[in-house]
Structures are given as structure tokens and as C-alpha cells.
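Welcome, and thanks for taking a look at this one. Below is a short tour, starting with the overall fold and ending with a few backbone details.

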Amino acid sequence: MPKNNIPMWRQELKSARKKEGKSPLNRWIQLSTVTRNNEPRIRTVVFRGWEKESSMLIFTDSRSDKIKHLKNNSNAEVLWLFLRSKYQFRFKGKMKELESNTKYWDSLSDKSKATWFWQHPGKEIKNNLQTFKKVPINLNKPTSFVVIEFEIYSVDLLKLVTPIHKRYIWNKENNWQKIEVNP
Ligand SMILES: Cc1cc2nc3c(=O)[nH]c(=O)nc-3n(C[C@H](O)[C@H](O)[C@H](O)COP(=O)(O)O)c2cc1C
């Protein structure tokens, strides 16, 4: 690990993101969680940056299913695919809710903020007008705004290079030392 404590895989990720340019893949990641019945669930979310050297941030709604999953089982996996470099990153980690999130709320545009005032995610819409008229003018941080910190403990990078694909693993408990494995 270099002196500044940033794991080496962050460098690989940075260059893959750079190659992606303005593509939304630069920010869109897939987050999988586990239900109470041990079933997997996966959805796309926006990568909102780094909290610590190996923990990433995700903004979400406290009423969403993923928060129910987190409360029951904090294990999660994030998948990040880069088309230009043909890199697939898989991050194993644990999720937790950040206690102080006001600075993240303040960083959002009013348009984004309004989405946290919509009705309960996933519930049937019975009256469309009621659903969207309720956004208040005063966009003070609502209790539905949640920032998830996803703390990574293992990284698996597959590079689709020719003639033979390359695959690397880094584990936090191993001080993020890079090991090459069969693809
Ligand atoms: C491109 C894209 C970005 C999204 N970003 C987020 C996000 O940052 N946070 C979020 O909670 N949901 C985001 N969603 C919606 C989720 O994919 C999902 O539908 C929603 O969070 C409900 O998931 P859940 O019921 O499994 O909790 C995004 C969807 C798409 C297609």
C-alpha cells in the first residue's frame, strides 16, 4: 500500500473511470443486497464518491427495500463494469448508514432533493396527482434521505485482455496486496 493509504486498486479504478470519459458508467454501479429470506437483490445506484480510502458512498431513500436488507444483513456486493477498458470490478463489503449526512444533502440540486419527498418507493400508485404534488417548497433534509457507506474488504478485477484474460484480487486483511489468479 502506498504512503497515503490509498489501496493500489483505486489507481486501476481511477484509470478505468478516466477512459470511460463522460459516459454514465463512470458513476453507475450495481449494488446487490440480501433479503431476510436469503434471496439476492440487485439494482443500479449512483457512485457518490469516497468516504474513507476504501469505502464508497451511495445516497438512497430510507423507505427503500435495500435499507430493510441492510438492517437485517449488512453484507453487500458492488459491481462496476467499464466498457472502454473492458474491466469488471467486484467489491465485497459491508454497508452502514452514515450518521451525519447533512453536507451530502446540501451538495444536491433542488431537483435531486425533490425525489426524497416523493411517496413511498415501491408502493402502488393509487392517485397520481397526490404522488407528485406533495413536494414541499422548503427542501430541508427529510428523514427519508440516507447515505450508505459501503466498506470494501475485497476487490476482484477481471480484465478482458487478449490472448488470456487477467484477474487480480486484493484483500484488506492482506494489507491490499495484489494477487493474480486464474481468470
Ligand atoms: C441509472 C440509475 C441510477 C440510480 N441511482 C440510484 C441511487 O443513487 N440511489 C437509489 O437509491 N436508487 C437509484 N436508482 C434506483 C434503483 O435502481 C432502484 O430502483 C431503487 O433504489 C429501489 O431499489 P430497492 O427497492 O431494491 O431498494 C437508480 C436507477 C438507475 C436506473
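## Ground rules and overall fold

Helices (H or I, at least four residues) and strands (E, at least two) are taken here as DSSP runs, numbered from the N terminus. Residue numbers start from 1 along each chain as its sequence is written. Please keep in mind that this is a predicted model, in which local features need pLDDT of at least 70 and side-chain atom pairs count only at pLDDT 80 or more, while totals for chains, interfaces and linings use all residues.

The protein has five helices and nine strands, and along the sequence they follow the order α-β-β-β-β-α-β-β-α-α-α-β-β-β. Its C-alpha atoms fill a box of roughly 55 × 35 × 30 Å along the principal axes. Contacts are pairs of residues whose C-beta atoms, placed from the backbone, lie within 7 Å. Among contacts between residues at least 6 apart in sequence, 59% join residues at least 24 apart.

## Around the ligand

A residue is near a molecule or strand if its C-beta atom, placed from the backbone, lies within 6 Å of it. The ligand is surrounded by 15 residues, the closest being Arg43, Thr60, Ser64, Asp65 and Lys66. Strand 2 (40–46), strand 4 (55–61) and helix 2 (65–72) each contribute at least two residues to this shell, and strand 2 gives the largest share, with five residues.

What is the shell made of, by class? It has six nonpolar, four polar and five charged residues. In this count Ala, Val, Leu, Ile, Met, Phe, Trp, Tyr, Cys and Pro are nonpolar, Asp, Glu, Lys and Arg are charged, and the others, Gly among them, are polar.

A residue is called buried if 20 or more other C-beta atoms lie within 10 Å of its own, exposed if 12 or fewer, and partly exposed in between, with C-beta atoms placed from the backbone. Buried residues make up 17% of the 183 residues in the protein. A nonpolar core is a set of buried Ala, Val, Leu, Ile, Met, Phe, Trp, Tyr and Cys residues joined through C-beta atoms within 7 Å.

The largest such core holds 24 residues, and Ile58, Val78, Ile148, Phe150 and Val155 have the most contacts inside it. Strand 7 supplies the largest share of this core, seven residues. Leaving aside residues up to four places away in sequence, Ile148 touches Ile58, Thr60, Leu70, Met95 and Glu97.

Strands pair if DSSP finds at least two bridges between them. Strand 7 (residues 145–159) and strand 8 (residues 166–171) are antiparallel partners over six bridges, with Asp156 bridged to Ile169 in strand 8.

## Backbone details worth a look

Trp176, in the loop between strand 8 and strand 9, has a positive phi of about 60° although it is not a glycine. Trp176 counts as buried because it has 22 C-beta neighbours inside 10 Å. Asn38, in the loop between strand 1 and strand 2, also has a positive phi, of about 65°. Asn38 counts as exposed because it has 8 C-beta neighbours inside 10 Å.

Definitions and conventions: Two residues are in contact if their C-beta atoms, placed from the backbone, lie within 7 Å.
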